[in-house]
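Subject: Structure handover

Hello,

Here is the structure I promised to pass on. Please open it first, then read my notes below.

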Amino acid sequence: MSADRSQQVALAEGLARQEQVGPAVEACYAALRLDASQPHAHALLAELMLAGDFYDEAIAAATRAIELDPDCAPAYLALGLAYDRRGGMWDQSILVWHELAEVVPDLVTAHVQLGEAFSLAAFDEEAIESWRRALELDPAEARAMYNLAVAALKREGVPTALPGFRKAGELDPSQDELFFDLADIGPLPRKLPDPAKVADDRDSRLHAAGVLARAEDYFGAAELVRAQLDASPDDADALALSAYMYLKQEAGNEAMACAVRAVMVDRTSVTGMYALGVAYAKRPGLNRHAARVFSALAAAVPEHPMPHVLLAESMMGLQRYSQAKAAYRHAVELDPACVRARFGLAAVLLTENRHAEAAWEIRRAAYYDTRRQGLFWELYDEYVEGGE
Amino acid sequence: MADDAPLKLYHAFVDQDPAAAISVIEQARASGVTQAHLFDALFVPSMGLLGGAWASGEIDEVAFTQAAVVAEQVTSFVTPPSASADTGVVVLIGCMHKDHHAVGKNVAAAALKEAGHRVLDLGVDVRPEEFLEKVEETSARLVVVCAELLSTAREAGRVRDMLTSAGHTDVVILVSGGPFDADPELAKSAGANGIVHGAESALRLVARVADDRAGRAEA
């Protein structure tokens, strides 16, 4: 259904989008006093209550929204998250995520969440089925892959699960973001550079090549990197960027050759270290090498969470679970929204038989992941525009 | 190892000659470079040379890719062994009768296997007499009994009783599971020699038991 937004609800929405939770809640209540039959206002209130960790209130508001309109998708999302975060309500949670998957069948997150609810209720086969369904809808859905890796860990231990974590990590955009942060390449501009028109100097070439690589235009980027290497074959940054692009194209040995050369030329090259560590981590038997490189990278950029995560994964491969845990915890301290670190930490906690804490970390990952995606607002906007 | 060995390996890559590459590796091995060091001492420097040759334009993109294929073909000759060497230690692991909580057992068993121990996973819902049967069948001297329920943890002592009554007093029993973590006295009353608090703890305890036995055997 299409819902009309009253002025008061629009005000609440505006405040909520600015994360002014208190005033937004007041505006919601004011809107509901005027007209309590607006499902989107109840859904909005549920989301705000969730943001404030008032789970029972969030459940009540979301339930009311669904009673008023059983197709109110944002209310299902808020209700499912509220059940999950409250804990101990897995039966209800399964029903809600199932409903959301029916209301919005192509919503990948609904299937991921449904799987997590199944898993917490010990329906392992159903959980795996849900995550596989999510991956059918979106093969790049990292959280489904992380969950499948955790499921593999529970059945067959760390050695079987670790490649799954690394594969999920490659799907997770945060690993690529690390490289581009290290290479000082910001978000993509609206217009991509034309390799033929890039100024004929090192910085312009490498920056444009980095932007094109970020946009996955590897031909354009390679052309510029080649020009730079023709001018200066010992340019560690150009070599590291080449290594990155080879890694993205699954050319592990070419990547390793370029990365080794980059680090030989400049031992402090952080992009070179990144590419070398990733090239090592992709090969069985090289966890010790990967750990050495990622340890150096983590020391070089200690404020960035991802090198600590990569180090932790190598430590897992070396069966040094305590060190892995410390590195994961450090990553979570640096960035509580780091989904990969949360799942990794959950994996280490499972190796210590600390199942409840592991489940908590996975729930936090879900919370941050849905927030990062802006999923509530996406569903809410579709709903109020009547375009669901 | 000869100083020019990485250069020779690099040339073998570029010449697309896997046999020559293997010969260089075997020569390095024969000169005393261990498998664990071949990768760092030989392969990495030759890959650096390869990267440098590509960067300088000495070899083109096609030659670079073909050389990388040869490098791939010989990787297994230089990669450090991914699995740990066989320790010879046989470990029996299983969940107590009426206990189907397998996650802790699975994770510990996989970790022990990866560390080179000979792990025999008896699965879930294992009766004490099955532990005894397998001890006699395999001559294992180390048993890990997993129990995640208080009721099944309380029954873990039956494994010790069964082994003792059959004369296997030298078998080391380790117990694992939430009830033992919460109440170490439960492990003592079950006649256990130690408590496994997860995979890393299992590795540490089993290694200690193996070292003790090796020390006793030497003495």
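The notes below go through chain A, then chain B.

A caution before anything else: this is a predicted model.

Chain A

Start with the domains. The assignment for chain A lists domain 1 as 7–139 + 374–385 and domain 2 as 173–283. So domain 1 is written in two segments. Taken over C-alpha atoms, the centres of domain 1 and domain 2 of chain A lie 41 Å apart.

Next, one helix. Helix α6 of chain A covers residues 90–103, which is 14 residues. Its first and last C-alpha atoms are 20 Å apart, close to the 20 Å expected at 1.5 Å a residue.

Which residues of α6(A) are buried? The list is A:Ser93, A:Ile94, A:Val96, A:Trp97, A:Glu99, A:Leu100, A:Ala101 and A:Val103. A:Glu99 and A:Trp97 are both on it. For reading that list, recall that an α-helix has 3.6 residues a turn, so residues three or four places apart point the same way. What do the buried residues of α6(A) pack against? They pack against α5 (73–86) and α7 (108–120) of chain A.

Chain B, overall

Chain B holds 11 helices and five strands. The radius of gyration of chain B is 25 Å, whereas a compact globule of 219 residues would come near 17 Å. Along the principal axes, the C-alpha atoms of chain B fill a box of roughly 75 × 40 × 25 Å. Of the 219 residues in chain B, 45% are buried. Now the contacts in chain B with a separation of 6 or more: 71% of them come from residues 24 or more positions apart.

Chain B, strands

Strand β1 of chain B spans residues 90–96. Is β1(B) mostly covered or mostly open? It is mostly covered, with six of its seven residues buried.

β1(B) has a parallel partner in β2 of chain B, residues 118–126, with six bridges between them. Within that pairing, B:Met96 has B:Val126 as its bridge partner. Between β1(B) and β2(B) the chain passes through helix α5 of chain B, residues 103–114. This β-α-β crossover is right-handed.

β1(B) also pairs with β3 of chain B, residues 142–146. These two strands run parallel as well, joined by five bridges. Here B:Leu92 stands opposite B:Val143. If you look at side chains there, remember that in a regular strand they alternate between the two faces of the sheet.

Best wishes

Notes. Residues are numbered from 1 along each chain as its sequence is written. Chains are lettered from A and ligands numbered from 1 in the order in which they are written. This is a predicted model: local features need pLDDT of at least 70, side-chain atom pairs count only at pLDDT 80 or more; totals for chains, interfaces and linings use all residues. Helices (H or I, at least four residues) and strands (E, at least two) are DSSP runs, numbered from the N terminus. The radius of gyration is taken over C-alpha atoms; the globule rule is 2.2 Å times the number of residues to the power 0.38. A residue is buried if 20 or more other C-beta atoms lie within 10 Å of its own, exposed if 12 or fewer, and partly exposed in between; C-beta atoms are placed from the backbone. Two residues are in contact if their C-beta atoms, placed from the backbone, lie within 7 Å. The expected span of a helix is 1.5 Å times one less than its number of residues. Two strands pair if DSSP finds at least two bridges between them. A crossover is right-handed if, with the strands pointing away from the viewer, the path from the first strand over the helix to the second runs clockwise.
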